[in-house]
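Good morning, and thank you for coming. Please turn to the structure as it comes up, and I shall walk you through a few of its local features.

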Amino acid sequence: MNFSLVLRTIVFLSLILLLPDTLLASKQSKKAKAKKTETRTTTSKHSSHSTEVKHDTHATEAKHDSHSQAVGTTPSTQSVIATLSQGNQHFVAGEMHTQDFAKERKILSSGQKPYAIVLTCADSRVPPEMIFDEELGHLFVVRVAGNVVDSSILASIEYAAEHLGAKTMIVMGHEKCGAVKAACDHAHLTPNLNCLLRGIAPAVAKAELTTTDKKELLHTAIQENVRLQMHNAVLQSPLLLEMVEHHNLEIVGAVYDLETGLVNWLMPENHELAEHQE
Ligand SMILES: [Zn+2]
């Protein structure tokens, strides 16, 4: 890595630590609302990004009634987080909107314009489209055990960011992740799995500095692994680093709770998340 790249990376890492703070207020507000009311607010679901799909699939639905995005623009990260959080509330409540897959397929066959990239674990219990109550063509999902970045994963993400125009990337780990647990256990598995676990090991090492309790270690390592993969994405991809520097891409961390269905946006000092797990 040359000096220039190192310098740019340092600048980015400084930014990435600041970014989540800007999301804190919004997330806390939304979680508070979720706890206080069971009322669905489907009218604004998808409103922030629906104009991104060239041929809209929901012409007759009320959720189109409050468009704020100009046609041809990409929603801001704040808007993406708000949309995803709202979809997640639907999922948690078991009140997901009805989808017309036949219609969506037909419209999307001419192209895709996902508004966000989601890197998450391959775990069968963590399907992003369902977790965020999202439709075909809206999320560019890349999945691998432990949500670990490597060259193939980054190639997919680069494609979505550069060619498809997604400007928000979410790295989403999940509680009770088997891959992170194996890394915590310092397991020796197959050569391929060992390679994967090496990608998580630095997160485990950092978590081990904070606790020796196995349950807490796993919980902390899962969060640290999300942050690690966020950092590695820009460390290992000059394109993503450049996009972040030019504000053409924002990377956000999250952890999904298998039991509650809630997605918790990850922040450097996420007391909210810690409290939720207790
Ligand atoms: Zn997992």
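Predicted model: local features only at pLDDT ≥ 70, side-chain atom pairs only at ≥ 80, totals over all residues.

On the H8 side, Pro202, Ala203, Val204, Lys206, Ala207 and Glu208 meet Leu217, Thr220, Ala221, Glu224, Asn225 and Leu228 of H9. Helix H8 covers residues 201-208 and helix H9 residues 214-235; they pack at an angle of about 130°, and their axes are 8 Å apart. The two helices are therefore oblique to each other, and their crossing is right-handed.

Let me turn to the strands. S1, residues 116-120, pairs with S2 in the parallel sense, over five bridges. Within this pairing, Val118 stands opposite Val141 of S2. Is strand S2 largely enclosed or largely open? Four of its five residues, 139-143, are buried, so S2 is largely enclosed by the rest of the structure.

Finally, I would draw your attention to backbone angles. Most residues other than glycine have a negative phi. Lys176, however, has a phi near 60°, a positive value. Lys176 sits in the loop between strand S3 (168-174) and helix H6 (178-184).

Is His247 buried or exposed? It counts as exposed, because it has 10 C-beta neighbours inside 10 Å, and the cut-off for exposed is 12 or fewer.

Conventions. Residues numbered from 1 in each chain as written. Buried ≥ 20, exposed ≤ 12 C-beta atoms within 10 Å, placed from the backbone. Pairing = 2+ DSSP bridges. Axes fitted to C-alpha atoms, helices over the stretch in contact; angles between N-to-C directions. Parallel < 35°, antiparallel > 145°, perpendicular 65-115°, else oblique. Left-handed = near helix turned anticlockwise from the far one by under 90°. Contact = placed C-beta atoms within 7 Å.
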